[in-house]
Amino acid sequence: MTDTNDRSPSVFVHPTADVEEGAEIGDGTKVWHLAHIRSTAQIGAGCVLGRNVYVDAGVTVGDLVKIQNNVSVYQGVTIEDEVFVGPCAVFTNDFRPRAQNPDWKITPTLIRRGASIGANATLVCGIEVGEYAMIAAGSVVTKDVKPYQLVAGNPARPKGWVDEQGEVVSRDVDNPPQRG
């Protein structure tokens with residue numbers, strides 16, 4: 001990773017993007033129109049951050065992550081390698097949000113390697129999305145999602161299991177298929 005003051009020539013930052021001093025961006029990453037990357041954010045190599053993406057201070061984004069347009073990744077969210085975040089997906093970081101609360105606490109959220117989050121999905125803080133899990137567009141995720149699990153709806157409920165390419169391999173919600 002390179003600091004914003006000594007950015008690798010392979011990092012592309014659109015002229016309208018705001019990358020604050022102290023943010024780290026990995027080689028080959030592209031930061032598009034009107035994105036805002038806060039200081040102390042860490043973005044891995046080979047990522048694509050779409051138009052109007054906001055990455056808060058202290059957030060870690062792994063390698064080869066694609067975050068589509070209009071997504072805000074707030075403090076407390078960690079995104080591992082090869083994660084896809086669809087357009088307008090929403091992460092929260094406070095269970096009891098109030099305009100005036102001096103004692104508010106960040107509740108962490110973890111998105112594991114290879115997971116996919118559909119467009120307009122909402123992820124309530126305090127959850128873990130397992131590796132290669134798939135969250136359908138428009139879902140509201142209030143509980144942990146198991147590795148390779150497909151969830152959909154409001155609230156999101158198990159709908160089956162997917163493989164590493166995102167193909168549905170089983171609709172038996174109670175029995176994940178054997179891997180290996």
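Tutor: Before we look at the overall size, note that the radius of gyration is taken over C-alpha atoms, and that the globule rule is 2.2 Å times the number of residues to the power 0.38. This is a predicted model, in which local features need pLDDT of at least 70 and side-chain atom pairs count only at pLDDT 80 or more, while totals for chains, interfaces and linings use all residues. Residues are numbered from 1 along each chain as its sequence is written, and side-chain values use heavy atoms, with hydrogens and water left out.

Student: OK, so what radius of gyration does the protein chain have, and what would a compact globule have?

Tutor: The protein chain has 17 Å, which agrees with the value near 16 Å that a compact globule of 180 residues would have. Along its principal axes, the C-alpha trace spans about 50 × 40 × 25 Å.

Student: How many helices and strands are there?

Tutor: The protein chain has 0 helices and 24 strands, where helices (H or I, at least four residues) and strands (E, at least two) are DSSP runs numbered from the N terminus.

Student: And how much of the protein chain counts as buried?

Tutor: Of its 180 residues, 41% count as buried, and buried means under 20% relative accessible area, with exposed over 50% and partly exposed in between (1.4 Å probe, protein chains only).

Student: Which residues have the most contacts inside the largest nonpolar core?

Tutor: They are Ile67, Ile79, Phe91 and Leu123, in a core of 39 residues. Such a core is a set of buried Ala, Val, Leu, Ile, Met, Phe, Trp, Tyr and Cys residues joined through side-chain atoms within 4.5 Å. In soluble globular proteins, nonpolar side chains tend to be buried together.

Student: What does Leu123 touch?

Tutor: Leaving aside residues up to four places away in sequence, Leu123 touches Val90, Phe91, Thr92, Ile111, Ile117, Val129, Ile135 and Val141, where a contact means heavy atoms within 4.5 Å.

Student: Switching topic, where is Ser116, and is it buried or exposed?

Tutor: Ser116 lies in strand β17, which covers residues 116–117, and Ser116 counts as buried because its relative accessible area is 19%. Beyond residues up to four places away in sequence, Ser116 touches Phe84, Ala133, Met134 and Ile135.

Student: Now the cysteines: where is Cys47?

Tutor: Cys47 is in the loop between β7 (42–43) and β8 (48–49), and Cys47 is buried, with a relative accessible area of 1%. Cys47 and Lys30 are 17 residues apart in sequence, yet their C-alpha atoms are 6.2 Å apart in space. Lys30 is also among the residues that Cys47 touches, together with others including Val61, Asp63 and Leu64.

Student: What is phi of Cys88?

Tutor: Phi of Cys88 is near 65°, a positive value in a residue other than glycine. Cys88 sits in the loop between β14 (84–85) and β15 (90–91) and is partly exposed, at 30% relative accessible area.

Student: What about phi of Asn120?

Tutor: Phi of Asn120 is likewise positive, near 65°, and Asn120 is found in the loop between β17 and β18 (122–123). With 47% relative accessibility, Asn120 counts as partly exposed.

Student: Last one: which residues does a cis peptide bond join?

Tutor: A cis peptide bond joins Asn154 and Pro155, with omega about -5°, and Pro155 is in the loop between β22 (149–152) and β23 (157–162). Most residues other than glycine have a negative phi, and most peptide bonds are trans.
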